[in-house]
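Keep the structure open as you read.

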Amino acid sequence: MDLTLGDVQGTALIPLAVRASESRRKNARIQDPKAVEIMEKLQIDPKNLDRLITHECVVARSILFDSTVKKLISQYPNALCLNLGCGLDDRFSRMDNGTIDWYNIDLPDSIEVRKKVFCEREREHTLSKDIMDENCFQDFPKDRPVIAVAEGLFMYFSREQIGSVLRSLQKGFPKGFLAAELMRQRSMNKKRHDTLRYSKAEFGWGCEDGRELESMNPAFHLLSETNFSDEMQKSTFLSRLIGTLLRKYNNRLALYQWG
């Protein structure tokens, strides 16, 4: 099967490989049978995708994002959810409460691959869109709270591009929440990453404080910022050790509200 992806879009294979590998373990901390299926169907070699440090960080990230989105959905059970830069993520199957509307959004090459391995389910939609287009969300429903997820995305954008995404969300929806992964500036050297060093994708932006995103668009207010290491401290000895050593370099989940 053809698996032609852009440099940034190709990074979606990293969390896919990690989720599949973790799901196969005896005491798996996350369960993602779809990831296992896709890895086998596309015959993807996980050699340079699933390495020790990345594995532990991605597992913690998956748990943290799932927990955050579930809490928001419990507060807003009829929410409209946007999975920005969705890649081959199957979060809808873990989040669905029977009433949310879920939109998987990515660039054309990612969506083309996604449609080969996913079948849309009720209230799940797959769209090819440029989220930096300020009119991107013009035709979406406006009558419910919005939960936008940007996992493994903003670190590949420039500050200006992230500002465009924020404007498109603000213009498209009167109010909502954004759960975004933030990378530190000190971590933007690819040579320090045990999987991304094999990728052609380049980092574009990092920050030491989630409030920097507020300066890009004052409509967005930071509600919380959680270091992945905090989640890693709840896990195995190895995960706790890696999380402790990486705390000053680790990515964070920042939750914002607008409107």
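Contact here means heavy atoms within 4.5 Å. The model is predicted, so local features need pLDDT of at least 70, side-chain atom pairs count only at pLDDT 80 or more, and totals for chains, interfaces and linings use all residues. Residues are numbered from 1 along each chain as its sequence is written, and side-chain values use heavy atoms, with hydrogens and water left out.

Begin with the whole chain. The protein has nine helices and seven strands; these are DSSP runs numbered from the N terminus, with helices (H or I) of at least four residues and strands (E) of at least two. The radius of gyration is 17 Å, close to the 18 Å that the globule rule gives for 259 residues, so the chain is as compact as a globular protein of that length. That radius is taken over C-alpha atoms, and the rule is 2.2 Å times the number of residues to the power 0.38. Along its principal axes the C-alpha trace spans about 45 × 40 × 35 Å.

How much of the chain is buried? Buried residues make up 54% of the 259. Buried means under 20% relative accessible area, exposed means over 50%, and partly exposed lies in between (1.4 Å probe, protein chains only). Of the contacts with a separation of 6 or more, 71% come from residues 24 or more positions apart.

Now go to helix H6 (residues 159–172), where Ser164 sits. Ser164 is buried, with a relative accessible area of 14%. Leaving aside neighbours within four places in sequence, Ser164 is in contact with Ile131 and Met132. Val149 is 15 residues from Ser164 in sequence and 16 Å away in space, C-alpha to C-alpha.

Phe157 lies in the loop between strand S4 (146–150) and H6. Phe157 is buried too, at a relative accessible area of 11%. Not counting residues up to four places away in sequence, Phe157 touches Ile131, Met132, Ile162, Val165, Gly204 and Trp205. Glu202 is 45 residues from Phe157 along the chain, yet their C-alpha atoms are separated by 9.0 Å.

Finally, find Asn217, in the loop between helix H7 (211–216) and strand S6 (220–227). Is Asn217 buried or exposed? Asn217 is buried, with a relative accessible area of 6%. Beyond its neighbours within four places in sequence, Asn217 is in contact with Leu166, Arg167 and Gln170. The side chains of Asn217 and Gln170 are joined by a polar contact of 3.0 Å. A polar contact is a pair of N or O atoms within 3.5 Å; within protein, one must be able to donate a hydrogen and the other to accept it, and residues adjacent in sequence count only if both atoms are side-chain atoms.
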